[in-house]
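Dear colleague,

Please find the structure below for your records. My notes on what was found in it follow directly after.

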Amino acid sequence: MNLRRVNWPLWAGLLVTLAGFFSYITVFMWYPVTRDFPWANLLLFLVAAVLLFIGLRRAFARDCPHRWRSRIIASLVTAFGALVIALFLFGFFVFARWIPASKGAPQVGQKAPDFTLTDTNGKSVSLGELLSTPINGNAPKGVLLIFYRGYW
Amino acid sequence: MAISVDPPEASRNLAQQAGYTFPLLSDRNAETIRRYDLVHAGAGEHGQDISRPAEFLVDSSGTVRWVHLTENYWVRARPEQVLEVAKLLK
């Protein structure tokens, strides 16, 4: 295969776009520095956008072989890449922020409402018990409550 | 303490897989989650009401000493952040 004939920046751009999309959940989500703000993914998308743009220009160059076929393919690949990037941006910066405001949540200085819930052994556990049951003979200093979305 | 609407069996699997040694509590009908005003209505896979991510540090008198309500569900409290505020506890 002749590298001059293959529009390699276009296909590399597509690959980097997909890498930028899937690497958040597979890699970058697991490290707080790349999780809280997806700069690593944005960097990959920037590289992808440059490659796609170069690929698009090559396809639209006058000396490009199979002019119409190349142009249609390059346009479709670039549009798909843009869609994937837009989907990621929407997912991270818009969709992930659709969280209720929780204005009525207990605030600093207020009493935490008591509760009784079942643990993984089917045993009932209350907040009052957690705060008063000694740990290794010492009274507990407090409890950290982590509410999470769960896996249902 | 971690609280979700997951059934105890699901929490047991999670704790085993992730190696968690702290208790995972099950709030099947989101009663406690509702009392803490943390319900994310219809956000579950099948449209169930689930909890939004939230962290509270409660001292031994039952008073809230620190609250973390994230605005983006990819962003959660970091362990070092919690260890820092845990120093508030006497």
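Two strands are taken to pair if DSSP finds at least two bridges between them. Helices (H or I, at least four residues) and strands (E, at least two) are DSSP runs, numbered from the N terminus.

This is a predicted model, in which local features need pLDDT of at least 70 and side-chain atom pairs count only at pLDDT 80 or more, while totals for chains, interfaces and linings use all residues. Residues are numbered from 1 along each chain as its sequence is written, and chains are lettered from A and ligands numbered from 1 in the order in which they are written.

**Between the chains**

Strand E3 of chain A (residues 142-147) is joined to E5(B) by 6 bridges, and the two run antiparallel. Within this pairing, Ile146(A) stands opposite Glu55(B).

**Chain B**

Chain B has 3 helices and 6 strands, in the order β-α-β-α-β-β-β-β-α along the sequence. Its C-alpha atoms fill a box of roughly 40 × 30 × 25 Å along the principal axes.

E5(B) also pairs with E6(B), antiparallel and through 4 bridges; there, Phe56(B) has Val67(B) as its bridge partner. The hairpin of these strands has 4 residues between them, and Gly62(B) in the hairpin takes a positive phi near 90 degrees.

**A helix pair in chain A**

Helix H1 (residues 8-26) and helix H3 (residues 39-59) of chain A pack at an angle of about 160 degrees, their axes 7 Å apart. Axes are lines fitted to C-alpha atoms, for helices over the stretch in contact, and angles run from 0 to 180 degrees between N-to-C directions. H1(A) is therefore roughly antiparallel to H3(A), a term for angles over 145 degrees. The residues of their contact divide into 14 nonpolar, 6 polar and 1 charged.

Yours sincerely

Definitions and conventions
Angles under 35 degrees count as roughly parallel, over 145 as roughly antiparallel, 65 to 115 as roughly perpendicular and the rest as oblique. Ala, Val, Leu, Ile, Met, Phe, Trp, Tyr, Cys and Pro count as nonpolar, Asp, Glu, Lys and Arg as charged, and the others, Gly among them, as polar.
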